[in-house]
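Here's a quick briefing on side-chain contacts and charge. Have the model open as you read.

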Amino acid sequence: HREKTFLEVCEEYLLGRQLTEATCKDYRRHMRKTLFKWADKSFLSIDREMVERAYRDAVTRKVITATGAERVLTAAQANQAFRFARAVFNFAERYHGEDGRPLLGDNPVDVLSQGGLWRRVAQKNRYIKASQLRPVWESLWRQSNVGRIQNAETARDLLVLLMFTGLRLNEGRLLRWADVDMKEGVLTIPDPKNHMPHSLPFSDYLWSFFRRRQQMTGENVWIFPSAVGGREKPITELRGVLDVVCAESEVM
């Protein structure tokens, strides 16, 4: 265990946890981008100073959005990356040397809590106002004609479903046709945030909506398949359409 790299410990942690596909994808993105400098280092060589320096760099790092704009990595994204790192080091505390003692003395990510370094994340309280519904709706339906944005039509339909049902993004994105009972008009969410599947009836409009999606997707198992990779996976990127709709309807 002593020679394991940080990346190897990360992979062991992910394999040993029951995490959703979306969560694993987020964590692996952080491993490639936010925490990439640690990948080939021994996990024992990563100390508090390195963590503090990496965190300060992360909250000032510039990233490129799907629309090509440049912005600073959000505090929420940086915090997620280092909470993941903290969990990985907690996991590594089970590694012991030949003398039976733990290899890891303490968790180096604790420096962020002890030093009061975590960036505060403002609570989300944004919503679409009644006066904004019409411009949002009109903008959404213009997106199917925007050829420069990949998956535009599918992204639009997913956003429409979220508006009508109040589902979380991944609850809608990961829906399969097996989750829709067209005869009874019932939609089942197989793996919500509380991990307790629940069903909800849907309106006549959504019945027509799902019928149209069936015609579009054919035999695909996903309701919202990606246009990338042979349509064998669900859509992953909505940011291009979402950015345009927010700008056009002035929902910020």
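F43 is buried, at 1% relative accessible area (buried is under 20%, exposed over 50% and partly exposed in between, with a 1.4 Å probe and protein chains only). This is a predicted model, where local features need pLDDT of at least 70, side-chain atom pairs need 80 or more, and totals for chains, interfaces and linings use all residues. Residues are numbered from 1 along each chain as its sequence is written, and side-chain values use heavy atoms, leaving out hydrogens and water.

**Aromatic pairs**
- There are 17 aromatic pairs, counting Phe, Tyr and Trp rings (for Trp, the six-membered one) with centres within 6.5 Å; planes under 30 degrees apart are stacked, over 60 edge-to-face and the rest tilted.
- F43 and Y95 make an edge-to-face pair, 5.5 Å centre to centre with 65 degrees between the planes.
- F43 sits in the loop between α2 and α3 (48–58) and Y95 in the loop between α4 (75–92) and α5 (110–114), so the pair ties together parts 52 residues apart in sequence.
- Y95 is buried too, at 3% relative accessibility.
- Ring pairs also join F6, W38, Y55, F82, F89 and W118 into a cluster.

**Salt bridges**
- The model holds 13 salt bridges (a Lys or Arg side-chain nitrogen within 4 Å of an Asp or Glu carboxyl oxygen).
- One of them pairs K4 with E12 at 2.6 Å, N to O; K4 is buried at 18%, while E12 is partly exposed at 29%.
- R142 and E248 meet at 2.9 Å, N to O.
- R142 is in helix α6 (residues 130–142) and E248 in helix α10 (residues 239–249), so this pair ties together parts 106 residues apart in sequence.

Technical notes: Helix = DSSP H or I, 4+ residues; strand = E, 2+ residues; numbered from the N terminus.
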